[in-house]
Amino acid sequence: MRTDTGQVFRLEEYKPSAYRIPKIELDFRLDALETLVTARMQIERAEGTDVGTPLVLDGDGLSLVSLAINGEPADETMFEALPDQLTLRQVPAGDHFELEIVTRINPSANKALMGLYVSNGVFCTQCEAEGFRRITYFLDRPDVLSTYRVRIEADRATAPLLLSNGNPVENGDLDGGRHYAIWDDPHPKPSYLFALVAGDLGVVSDHFTTASGRKVALGVYVEHGKEARATYAMDALKRSMRWDEERFGREYDLDVFNIVAVSDFNMGAMENKGLNIFNDKYVLADPETATDMDFANIEAIIAHEYFHNWTGNRITCRDWFQLCLKEGLTVYRDHEFSADMRSRPVRRISEVRTLRAHQFPEDQGPLAHPVRPRRYREINNFYTATVYEKGSEVVRMIHTILGEDTFRKGMDLYFDRHDGQAVTIEDFIACFEEAGGIDLTQFALWYHQAGTPNVIASTSYDEQAKIFTLELEQSVPPTPSEARKKAMHIPLKFGLVGPNGEDMEWASADGAEISGDVIHLRERRHTISFKGIGQRPVLSLNRGFSAPVVLSEQVTSADRHFLARHDSDEFNRWQALNSLANDALIEAANQVRNGSAPVFDEALVAVPGEIAGDETLEEAYRALAITPPAEADIAREIGSNVDPDAIHQARQAYLDAVARSGASQMAKVYETLADDGSFSPDAESAGRRALRNVLLGLLIRAEASPERGVEQYRSATNMTERLAALMEVTHRFANSRQAADLLADFEKRYNDNPLVMDKWMTAQATIPGDGAAERVRELMKHPSFSLSNPNRVRALVGSFASGNQTGFHAADGSGYQLLAETVLAVEKLNPQVAARLAVVFRSWRSLEPQRQEKAREALAMIAKAENLSRDLRDIIDRTLA
């Protein structure tokens with residue numbers, strides 16, 4: 001584990017490597033305790049590199065066995081080998097030479113899950129961002145592109161399956177019960193995309209015929225006995241391949257494509273060229289063990305990793321500062337895929353909710369950074385919502401500015417011009433500037449400037465002159481190391497909704513550039529006059545969430561109610577209702593803090609009941625519209641001096657009021673959505689279940705009894721409805737006999753399935769109120785929990801910290817203490833997971849003073865610990881700064 005404070009890497013200090021490695025041959029003699037890795041590299045001196053320049057290769061905890069240059073053992077005076085670096089002081093004359101390095105590693109001891117490790121008896125690798133240097137000494141940086149030929153040797157009995165990147169070219173038996181396989185990847189790639197898997201796994205096999213007629217062999221590898229739960233992943237893969245051909249013209253380029261699911265994995269999945277390695281959570285699914293959300297996540301993540309084949313693999317990033325170039329762009333692509341596979345407005349609402357829940361707090365706290373960071377100390381800590389989710393929104397804005405046809409021309413130019421290269425944001429932007437004949441210099445500030453822009457909008461109407469005036473003002477709040485901000489180019493989709501609910505036309509408009517239904521906000525202030533408006537319209541602004549901004553509108557409650565019922569943009573219909581509920585909840589929280597019982601407008605609490613029965617809306621949309629802002633969302637809107645208990649009480653009171661108001665209508669709709677025993681993960685079916693589960697929670701409130709939830713749990717034929725019932729009963733009636741019975745039954749049913757037991761852990765970790773921290777401590781003693789498995793830690797401790805506002809933010813500091821202790825314990829095994837857990841503290845300064853002090857004490861406890869990893873030290877230092 002690296003415990004140094006770490007070098008600070010700066011974008012402006014980037015220099016190309018003095019050496020290139022166009023080809024590498026790797027030979028693995030696999031053994032769980034002592035694997036020998038032989039790396040034969042063809043080294044080239046880069047143009048302009050002095051003859052005397054030493055070759056410095058990256059390492060991380062390596063043990064060197066031998067070193068040879070051009071086939072001859074190297075004299076010890078020629079090099080220095082340290083665990084974290086190998087320096088070749090005397091580089092052979094000439095522009096080319098061969099370097100052979102043999103290292104010895106222990107995969108079983110690798111609990112950090114970076115490099116080569118063992119998961120349930122299966123050898124596997126994770127090399128992004130800097131894991132390859134834990135396998136062999138190398139120029140472990142994205143701009144060093146090499147072709148890889150890999151030979152894997154292992155015991156046939158324990159590892160009959162030997163996989164790597166590229167295409168299989170040879171295999172055979174060896175003495176002593178061992179065997180080998182050779183793989184060749186013809187496409188140059190950076191070391192972070194290297195992959196190896198060896199073990200005994202089952203497989204779901206299929207094939208895909210590309211648009212040009214090539215037949216590609218497909219394999220999804222899982223633990224034996226779980227093959228049936230991998231069929232949906234295979235289906236998602238094939239749909240992803242076809243969609244990428246049709247939408248972006250991207251055809252797959254190898255003879256095989258393999259996915260391997262492993263149970264120990266730091267992230268969701270990894271896009272290694274031709275061999276994607278997945279957290280099994282995002283591969284395994286069937287109706288009995290997976291929820292509709294699980295199916296949707298599998299579909300999206302399978303697509304995301306496959307789409308990386310072009311946006312990340314064929315074209316990669318020059319350095320880690322350009323990480324959003326592959327991640328933000330690919331998130332945009334998987335969002336578009338999911339929108340086409342499912343409901344576009346529902347998916348858009350879900351995406352924005354995720355952005356606001358995770359990226360907006362990041363932008364507003366001590367961990368704020370631009371979409372393209374300018375500096376970092378530990379790159380693992382920059383796999384953030386800003387890079388992924390905000391990065392996706394920036395690409396979406398380019399699409400909004402250019403339109404579909406020109407955007408596609410820009411993408412085609414990008415693929416054609418930069419195939420096989422490691423490139424920058426400037427290279428990407430230039431393709432769209434050329435395709436559209438447009439200057440995107442100001443727009444590029446979205447990549448360079450941290451913070452979420454605030455846009456204030458106010459309107460007025462002159463009935464006599466028939467002029468509707470819109471005033472817009474933008475600002476970007478200060479962020480760490482950046483106080484003064486420049487005006488952004490913000491594309492805002494809009495409509496002027498007339499009294500009949502239809503969008504109005506106008507004769508002319510001035511005060512800003514308007515193209516179609518997009519206002520281009522470029523200055524700090526714009527006053528826009530729409531002429532020829534016969535009646536006062538209601539402004540619908542930032543339709544489809546066309547720009548990731550905080551929008552403050554001087555709008556009446558009546559106008560919001562009008563938009564909630566009539567706006568043709570379904571996102572803004574949802575947004576209008578969500579804003580009404582959010583304002584009411586903030587006011588209710590203030591009432592609670594002042595010792596008053598919350599009071600809600602009867603018209604507002606009646607709307608969810610009306611929406612529940614509105615059959616003109618799809619069920620999934622109704623489920624989202626009925627659900628009020630989460631407690632964390634309300635806290636974010638309050639911004640400072642936050643009291644989580646007051647917010648919780650206000651939200652509970654609002655839900656109680658909604659339930660009482662619409663119980664009769666909701667009960668009727670609930671019964672019409674009853675499960676008929678069949679199951680399909682398609683969007684329409686999932687939407688029906690989503691609406692039924694939301695209504696279940698409200699009806700349990702209205703009836704003040706858990707019995708309806710118990711009945712749904714007992715009769716459920718799928719995990720979606722069973723888990724929803726379990727959650728509603730345990731959260732609403734935590735200490736009841738019924739809750740205890742359901743928890744015991746669930747445990748008995750699924751105690752042999754770790755992924756489902758994760759759901760059981762999460763259900764209990766998120767029970768609000770007193771005693772939450774102690775409940776989590778007890779669950780950490782359960783046989784199914786393990787600190788060494790990231791999924792287990794995230795399911796229990798992670799969900800407690802991020803999904804239980806009253807439990808984690810208990811006024812006595814018990815939640816903060818629990819998280820701090822867990823972070824320090826996990827860090828000894830896996831620094832990356834520990835650092836990501838600690839990110840939950842990012843908004844501690846927004847709390848009321850007592851909780852703020854308790855959170856600071858917990859952070860200080862972590863900061864004072866000896867030998868903190870670089871990953872965790874970076875997060876804690878920035879959070880406390």
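This is a predicted model: local features need pLDDT of at least 70, side-chain atom pairs count only at pLDDT 80 or more; totals for chains, interfaces and linings use all residues.
Residues are numbered from 1 along each chain as its sequence is written, and side-chain values use heavy atoms, with hydrogens and water left out.

**First stop: α9 and α10.** Select residues 557-566 for α9 and 570-593 for α10; their axes come within 7 Å and cross at roughly 140°. Axes here are lines fitted to C-alpha atoms, for helices over the stretch in contact, with angles from 0 to 180 degrees between N-to-C directions. Helices (H or I, at least four residues) and strands (E, at least two) are DSSP runs, numbered from the N terminus. The crossing of α9 past α10 is left-handed (the near helix is turned anticlockwise from the far one by less than a right angle). Now show the side chains: S557, R560, H561, L563, A564, R565 and H566 of α9 make the contact with R573, A576, L577, S579, L580 and D583 of α10 (contact means heavy atoms within 4.5 Å).

**Next: Q126.** Move to strand β11, residues 122-126, where you will find Q126. Q126 counts as buried because its relative accessibility is 1% (buried means under 20% relative accessible area, with a 1.4 Å probe and protein chains only). Beyond residues up to four places away in sequence, Q126 touches L113, M114, G115, Y117, G131, F265, M267 and M270. A polar atom of the Q126 side chain also lies 2.9 Å from the backbone oxygen of E128.

**Then: S191.** Look in the loop between β15 (178-189) and β16 (196-199) for S191, which is buried at 0% relative accessible area. Its side chain and that of D140 are joined by a polar contact of 2.6 Å (a pair of N or O atoms within 3.5 Å, one able to donate a hydrogen and the other to accept it; residues adjacent in sequence count only if both atoms are side-chain atoms).

**Last stop: α24.** Select residues 831-838; 7 of the 8 residues of α24 are buried, so this helix is largely enclosed by the rest of the structure. To see part of the cover, display α21 (790-803), α23 (814-827) and α26 (870-880), which are among the elements over its buried residues.

Note on methods: Buried means under 20% relative accessible area, exposed over 50%, partly exposed in between (1.4 Å probe, protein chains only).
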